[in-house]
Amino acid sequence: MALLIKTDIDRGNAWTEALAAAYPELTTHTWPYDGDPAAIDYALVWQPPEGELKRYPNLKAIFSVGAGIDHLASDPDLPEGVPVVRMVEPGLTAGMSEYVTLAVLSHHRFLHDYAVQRRDKLWKEIPQIAAAARQVGMLGLGVLGRDALEKLAPFGFKLAGWSRTPKSITGISCYHGEEGLREFLAGTDILVCLLPLTPATEGILCRETFDQLPRGAAVISVGRGGHLVEEDLLAALDSGRLSGATLDVFREEPLPKSHPFWDHPRIFMTPHVASMTIPESACQAVVANIHRLEAGEPLRHVVDMARGY
Ligand code: NAP
Ligand code: GLV
């Protein structure tokens, strides 16, 4: 049985070694692959070139290296009928919760304002606000959004989440659908986006959304760059409607050097690193799924491609 690996950043042999340790009988090949395409049973990929996966006639499953599968959904030649599995693994989840916690606390404790003050050599205390007086609102109550909210719970924030379907989660005020969005936004002081990028969520971080948040709210965008209407964010920050933003994902990555975000004093940015799949823990999830499929059992975390996540 053979698996083709095409990953994102260079991790040396980490994936090959982790998979060899977890499943010694599995042969792994690293992309680019010039062997017989018919010999490949599984693909573990991040941003494969369009049409690449169609070259392998015997693929049984496509594993996304990341939680998001928009890099596969955008391929017009994605082989039909081959299940796409999104990444759900403890390393990726833990990393995202760390990042979201860091970003929420930095807005809560005015680190963005103090960075501006520092630039101006201004020594000025801003009165602290109790965590219990602030609501953290999560767009997306999936694997990552829910874990991040649960990790924030001990700080005492009011927690809220918005999803497509109704949910009931202890300690989290849950809203869903178009009809739940207005009330969710109206109470949210720190808005986090952990939605998948789909036609329904594209551009959700826009003026209309910002205008429904309390004045001075903060936005943390960690889902995908396509969620954010960039000019609306700049206008909302410049007018004071929003107090600050933490951005990890962008419409164009790498962000062009001429982009106004680089120099904006109220934007904190990172280069799409909020969370990364860790080969050592992720390979366990991939291998467990291969064993399931080979045993005739259903795969876990299969994407509904019609729904887009
Ligand atoms: P997930 O488990 O599939 O959860 C997605 C959540 O979004 C679900 O709660 C879903 O609602 C909700 N949702 C989807 N479409 C919606 C809509 N139209 N209206 C309202 N809610 C909607 O996904 P995940 O594993 O948490 O990952 C979320 C995203 O994070 C990924 O798709 C990826 O883009 C991003 N990500 C970014 C990084 C980074 O480093 N920046 C790292 C990992 C992941 P239901 O529960 O009702 O289905
Ligand atoms: C990273 O962006 C992921 O989708 O895992």
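In the predicted model described here, Phe 268 is partly exposed, with a relative accessible area of 44%. This residue belongs to strand β12, which comprises residues 267-269. Although Phe 268 and Leu 293 stand 25 residues apart along the chain, their C-alpha atoms are separated by 43 Å.

The phi angle of His 272 is near 50°, a positive value in a residue other than glycine. Most residues other than glycine have a negative phi, and most peptide bonds are trans. With a relative accessible area of 26%, His 272 is partly exposed, because the partly exposed class covers values between the 20% limit for buried residues and the 50% limit for exposed ones.

His 272 is also one of the residues around ligand 2, whose surroundings consist of Trp 46, Gly 66, Ala 67, Gly 68, Leu 92, Arg 224 and His 272. By class, this shell is made up of 3 nonpolar, 3 polar and 1 charged residues. Oxygen atoms of ligand 2 take part in polar pairings with both backbone and side-chain atoms: a polar backbone atom of Ala 67 is 2.7 Å from an oxygen atom of the ligand, a backbone N or O atom of Gly 68 lies 2.8 Å from an oxygen atom of ligand 2, and a polar side-chain atom of Arg 224 is found 2.7 Å from an oxygen atom of ligand 2. On its own, ligand 2 has 200 Å² of accessible area, of which the protein covers 84%.

Ligand 1 is surrounded by 28 residues, and the closest of these are Leu 144, Thr 165, Lys 167, Asp 248 and Tyr 309. The shell comprises 14 nonpolar, 9 polar and 5 charged residues. At least three residues of the shell come from domain 1 (2-88 + 277-294), and at least three come from domain 2 (90-269). With regard to secondary structure, helix α5 (143-152) and strand β7 (158-163) each contribute at least two residues to the shell around ligand 1. The polar contacts of this ligand include two to the backbone, in which an oxygen atom of ligand 1 is 3.0 Å from a polar backbone atom of Val 143 and an oxygen atom of ligand 1 is 2.9 Å from a polar backbone atom of Leu 144. A side-chain contact is contributed by Thr 165, a polar side-chain atom of which lies 2.5 Å from an oxygen atom of ligand 1. Taken alone, ligand 1 exposes 950 Å², and 93% of that area is buried by the protein.

The largest nonpolar core contains 28 residues, among which Leu 139, Phe 184, Leu 205, Phe 210, Leu 233, Leu 242 and Phe 261 touch the most other members. At least two residues of this core are supplied by each of β7, α6 (177-186), β9 (190-193), β10 (217-221), α8 (230-239) and β11 (242-247). Helix α8 gives the most to the core, with 4 residues.

The loop between β10 and α8 holds Gly 226, which counts as buried because its relative accessibility of 12% falls under the 20% cut-off. The C-alpha atom of Gly 226 is separated by 33 Å from that of Asp 120, the two residues being 106 residues apart along the chain.

Helix α4 (residues 111-119) includes Gln 117, and this residue counts as buried at 9% relative accessibility. A polar atom of the Gln 117 side chain lies 2.9 Å from the backbone oxygen of Lys 124. In the loop between α4 and β6 (135-139) is Lys 121, which has a positive phi of about 50° although it is not a glycine. Lys 121 counts as exposed because its relative accessibility of 81% lies over the 50% limit.

Terms used
Residues are numbered from 1 along each chain as its sequence is written. Chains are lettered from A and ligands numbered from 1 in the order in which they are written. This is a predicted model: local features need pLDDT of at least 70, side-chain atom pairs count only at pLDDT 80 or more; totals for chains, interfaces and linings use all residues. Side-chain values use heavy atoms; hydrogens and water are left out. A residue is near a molecule or strand if one of its heavy atoms lies within 4 Å of it. A polar contact is a pair of N or O atoms within 3.5 Å; within protein, one must be able to donate a hydrogen and the other to accept it, and residues adjacent in sequence count only if both atoms are side-chain atoms. Accessible areas come from the Shrake-Rupley method with a 1.4 Å probe; for residues, only the protein chains shown count as cover. Ala, Val, Leu, Ile, Met, Phe, Trp, Tyr, Cys and Pro count as nonpolar, Asp, Glu, Lys and Arg as charged, and the others, Gly among them, as polar. Domain bounds come from an automatic or database domain assignment. A nonpolar core is a set of buried Ala, Val, Leu, Ile, Met, Phe, Trp, Tyr and Cys residues joined through side-chain atoms within 4.5 Å. Buried means under 20% relative accessible area, exposed over 50%, partly exposed in between (1.4 Å probe, protein chains only).
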